[in-house]
Amino acid sequence: MVFNWFKRNKSPSPEEQSKASESPVIPQEVEEVFENAVCEEAEPADQSPEASDDLSSSLLPEPAAEAIPDVPAADTLPQPVKGSVPSTNAPKSMFARLREGLSRSREQFTEGVGRLVLGKKVIDDELLEDLEALLLQADLGSAATREIMSAVTEKVRRKELTDPAVLKKALRSALLDILQPRAETWAPEKGRTQVLMMVGINGAGKTTTTGKLAARWKAEGFSLVLAAGDTFRAAAVEQLQGWGQRVQVPVVAQGTGADSASVIFDAFTAARARDTDLLIADTAGRLHTQNHLMEELKKVKRVLGKQDPDAPHQVWLVLDAGTGQNALNQAQQFHEAIGLTGICITKLDGTAKGGVVAAIAKALPIPIRYIGMGEQVADLRPFDPESFVDALFAESKS
Ligand SMILES: Nc1nc2c(ncn2[C@@H]2O[C@H](COP(=O)(O)OP(=O)(O)OP(=O)(O)O)[C@@H](O)[C@H]2O)c(=O)[nH]1
């Protein structure tokens, strides 16, 4: 029976299980769980009182009521751009979407620069001061602002930049210098089960990003399992199950209040047993200032490490761009606590604070993996500095 395995194995904690054996023996039931889980149609949930207890641990249950966006084919998704391929090579609709998504940030930043230079004949100290204030207002943060200002000021001093009308070009290039070192794509590999842990504060977009990534990689031919490690918010489990249903990816879940490390540990055991390429583990939202909750994340890491010393292979922080400079604090503190290997910046579509991407890129040596600018699967795009900057500096009307 699909739903019984986790119940029968609830008693030993992950730590106890891993003590028992370095390479855990995979019970036959796990195989059965997967055989059932990967079927095209999920079994209808048994509503009897007896069965309802078993439903606390489940794979591919009923879809969540919440609407999950349609999953497009892999070749229609925005692809990572390697090297410095000009972004103008990207399909127009995708660039248009990016440009549209960044419209509020563009108004704040680029159009702000346009207003500053309007009618100016020379780049003087007053203009440079106003520019500095504008960069800070656009949430670029002090370190990125300093770097951009020193690049611009140096060009002005050397008389390489005299015309206010070409200031945007200099800004574009300085911004690109900050962003380019953070563009590093990552994708699952065939041949070993990797774990990607998603972390972040409440509502940043962890569950949604987990679902979108699963849709992308499933469409690219990878096998996946999702772990509903957010055992705190009941709706998060349903939300992830809805994504699992939609993209036909098994979801390992237990009831609300279950031990998150245990859920993720079980999911990893099951994923390894089936040679699944990737386990994506969603986790509960937590403030970077809540030490006990940060300890919980460390426990998840520890427990996974007992099955595979390299696990979790990736730990990605999901940041809501709208939190502006606070996103920078979140990134710094999550990185200090658990060591991040990637950042996803969501909700760029709803904010004028897109400059925070530069603030994060400058402050932390962590790749920015994906940016989100909408609810659809295709709105989560691999981070490509060239097209990001192009979209930010695009003319409003074209
Ligand atoms: N506009 C927009 N909305 C987004 C984006 N990414 C996520 N969202 C929305 O943000 C809301 C919160 O997303 P969730 O994925 O539930 O966030 P979470 O981090 O899992 O939340 P907790 O479980 O409470 O910690 C949802 O309504 C998402 O649809 C984005 O890039 N743009």
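**View 1. Strand S7 and its partners.** S7 pairs with strand S8 (residues 380-382) in the antiparallel sense, over 3 bridges. Pairing requires at least two DSSP bridges between two strands. Strands are DSSP runs of E with at least two residues, helices are runs of H or I with at least four, and both are numbered from the N terminus. Gly-372 stands opposite Leu-380 in S8. On S6 (residues 342-346), 3 bridges link to S7, and these two strands run parallel. Here Cys-344 stands opposite Tyr-370 of S7. From S6 the chain crosses through helix H16 (residues 356-363) to S7, a right-handed β-α-β crossover. Right-handed means that, with the strands pointing away from the viewer, the path from the first strand over the helix to the second runs clockwise. S7 (residues 368-372) is mostly covered, with 5 of its 5 residues buried. A buried residue has 20 or more other C-beta atoms within 10 Å of its own; an exposed one has 12 or fewer, and partly exposed lies in between, with C-beta atoms placed from the backbone.

**Model and numbering.** The model is predicted: local features need pLDDT of at least 70, side-chain atom pairs count only at pLDDT 80 or more, and totals for chains, interfaces and linings use all residues. Residues are numbered from 1 along each chain as its sequence is written.

**View 2. The shell around the ligand.** The shell holds 22 residues, and Gly-205, Thr-207, Thr-208, Gly-285 and Gly-372 come nearest. Helix H11 (residues 206-219) gives the most, with 3 residues. By class, 4 are nonpolar, 11 polar and 7 charged. Asp, Glu, Lys and Arg count as charged; Ala, Val, Leu, Ile, Met, Phe, Trp, Tyr, Cys and Pro as nonpolar; the others, Gly among them, as polar.

**View 3. The largest nonpolar core.** This core has 95 residues, and Ala-267 and Ile-343 have the most contacts inside it. Helix H13 (residues 260-273) gives the most to this core, with 8 residues. A core joins buried Ala, Val, Leu, Ile, Met, Phe, Trp, Tyr and Cys residues through C-beta atoms within 7 Å. Beyond its neighbours within four places in sequence, Ile-343 is in contact with residues including Trp-316, Leu-319, Ile-360 and Ile-368. Contact means C-beta atoms, placed from the backbone, within 7 Å.

**View 4. Gln-137 on helix H8.** Gln-137 lies in H8 (residues 125-137). It counts as partly exposed because it has 15 C-beta neighbours inside 10 Å. Gln-137 and Ala-352 are 215 residues apart in sequence, yet 9.7 Å apart in space, C-alpha to C-alpha.

Definitions and conventions
A residue is near a molecule or strand if its C-beta atom, placed from the backbone, lies within 6 Å of it. Two residues are in contact if their C-beta atoms, placed from the backbone, lie within 7 Å.
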